[in-house]
Amino acid sequence: MREYKPKNDLQKKQYYKEKFYIEKQTPKDEVKDSKFDEELAILEQSGVEILSSYVEFDQLVIYVNSSENFKALEVLKSLGYEQLSELAALDFISAKGGYEVFYQLLSISKNRRTRVKCFVKKDEKLKSVCELYKSANWAEREMYDLSGVLIKDHPNLKRLIMPDDWHSHPLLKSYPLTGDEAAKWYEVDKIFGSEFREQIGEENRDPAYIEEKDTFGFSRVFSEDYEYQEEGGVKFVKKAKFSQSQIVKERP
C-alpha cells in the first residue's frame with residue numbers, strides 16, 4: 001500500500017514535476033574578461049559587497065545585500081544605467097522566509113543591461129529607490145500591493161491595484177488562486193450591501209469558467225445540443241459530402 005500524503009494545501013506545490021525530469025539551466029558565464037569588468041570593479045571599489053555575479057543572456061546579473069540595494073543602483077546609474085525598466089519580487093517565503101527582489105537596468109548609451117538582485121526577509125523593510133529612478137514610484141507600490149514587500153522612505157506607499165482594505169497580497173504563492181472567501185462578496189458588499197448576497201449571488205472568480213449561454217464573449221463550438229444560426233447568414237455545415245458539393249465560377 002502506498003504511503004498516504006495529505007493534499008490539503010496544494011499551493012505549496014505550484015508545478016508538477018515528472019519523476020525523472022531534469023530542469024534545463026541557462027548558460028551562466030564568468031564576468032572576468034567580459035565587457036562588464038568595469039562595472040563590477042567600480043562597484044567593489046565603492047564598497048558594495050558582491051555576493052555573486054555572472055553574465056546571462058548577454059546581461060550582467062549581480063547579487064547584493066538588501067541593505068546595499070540603493071548604493072548599488074546609485075553606482076550603476078553613475079556608470080550610465082539611466083533607466084530602471086522593471087522591478088519585482090518573487091515569493092520564497094515558504095522555502096527561505098522572504099522574497100527575491102530584482103531591479104532591471106538599461107544603459108542606452110552603452111547598449112547594455114544589468115540585473116541587480118537581493119534577498120529580503122519577510123518583515124524586513126527595503127529602502128526605496130524613487131530618489132534615483134522615478135519609474136520606481138509606482139513599481140514599488142505594485143510590489144508592496146501584490147507581493148507584500150515593505151518599502152521604507154517611499155513618498156506614498158499605498159496599494160496601487162487592489163482596494164485599500166484588501167486582505168493579503170494576490171501574488172503570494174499561499175494566496176488562493178480564486179481569491180479568499182471575502183473576495184467572492186467584495187463588490188456585492190461594497191456596492192449593494194451584504195443583505196443583497198442571496199439576491200445577486202457570489203462573484204465568479206474562476207478564470208477558466210465559461211458561461212454556457214454567453215455567445216457574446218465566446219463562440220458555441222463545444223455543444224451538440226444547440227444550433228445557432230444568424231438570420232441571413234451562412235448555414236452551418238455539420239459534415240461536408242463531396243457528392244453534394246459543386247464548384248461555382250463566381251459568387252452568387
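Residues are numbered from 1 along each chain as its sequence is written, and side-chain values rest on heavy atoms, with hydrogens and water left out. Since the model is predicted, local features need pLDDT of at least 70 and side-chain atom pairs count only at pLDDT 80 or more, while totals for chains, interfaces and linings use all residues.

Five strands make up an open sheet in the order 1-2-5-4-3, with mixed pairing; helices (H or I, at least four residues) and strands (E, at least two) are DSSP runs numbered from the N terminus, and two strands pair if DSSP finds at least two bridges between them. Strand 1 and strand 3 sit at the edges with a single partner strand each, so one side of each has no neighbour in the sheet. From one strand to the next the twist averages 20°, with axes taken as lines fitted to C-alpha atoms (for helices, over the stretch in contact) and angles running from 0 to 180 degrees between N-to-C directions.

Going through the pairs, strand 1 and strand 2 run antiparallel and are joined by six bridges, with S52 partnered by Y63 in strand 2. Strand 2 and strand 5 run parallel, with four bridges between them, and here I62 has V116 as its bridge partner in strand 5. Strand 4 and strand 5 are antiparallel over 10 bridges, and L106 stands opposite R113 of strand 5. Five of the six residues of strand 2 are buried, so the rest of the structure largely encloses this strand; buried means under 20% relative accessible area, exposed over 50%, and partly exposed in between (1.4 Å probe, protein chains only). Helix 1 lies across strand 1, strand 2 and strand 5, and runs at about 170° to strand 1.

Strand 1 and strand 2 form a hairpin with two residues between them. F57, in the loop between these strands, has a positive phi of about 55° although it is not a glycine. D58 is in that loop too, and its phi is near 65°, again positive in a residue other than glycine. Both side chains face outward in terms of accessibility: F57 counts as exposed at 64%, and D58 counts as exposed at 51%.Next comes the nonpolar core, meaning a set of buried Ala, Val, Leu, Ile, Met, Phe, Trp, Tyr and Cys residues joined through side-chain atoms within 4.5 Å. The largest one holds 43 residues, and I62, V101 and Y103 touch the most other members. At least two residues of this core come from each of helix 1 (37–45), strand 1 (50–56), strand 2 (59–64), helix 2 (69–78), strand 3 (83–92), strand 4 (98–107), strand 5 (112–121) and helix 4 (136–147). Helix 2 gives the largest share, five residues. Not counting residues up to four places away in sequence, Y103 touches a list of residues including L73, L84, L87, V116, L126 and V129, where contact means heavy atoms within 4.5 Å.

Side chains of opposite charge can pair when their charged atoms come close. A search of the whole structure turns up eight salt bridges, each a side-chain nitrogen of Lys or Arg within 4 Å of a carboxyl oxygen of Asp or Glu. One of them joins E100 to K117, with the closest N and O atoms 3.8 Å apart. E100 lies in strand 4 and K117 in strand 5, so this pair ties together parts 17 residues apart in sequence. Both partners count as buried, E100 at 14% relative accessibility and K117 at 12%.

Another salt bridge links K127 and D153, whose closest N and O atoms are 3.1 Å apart. K127 belongs to strand 6 (residues 125–127) and D153 to the loop between strand 7 (150–152) and helix 5 (181–191), so the pair ties together parts that are 26 residues apart in sequence. K127 is partly exposed at 26%, whereas D153 counts as exposed at 56%. D189 and R197 also form a salt bridge, with 2.7 Å between the closest N and O atoms. Here D189 is partly exposed, with a relative accessible area of 28%, and R197 is partly exposed at 31%.

Leaving aside neighbours within four places in sequence, E68 is in contact with G47, V48 and E49.
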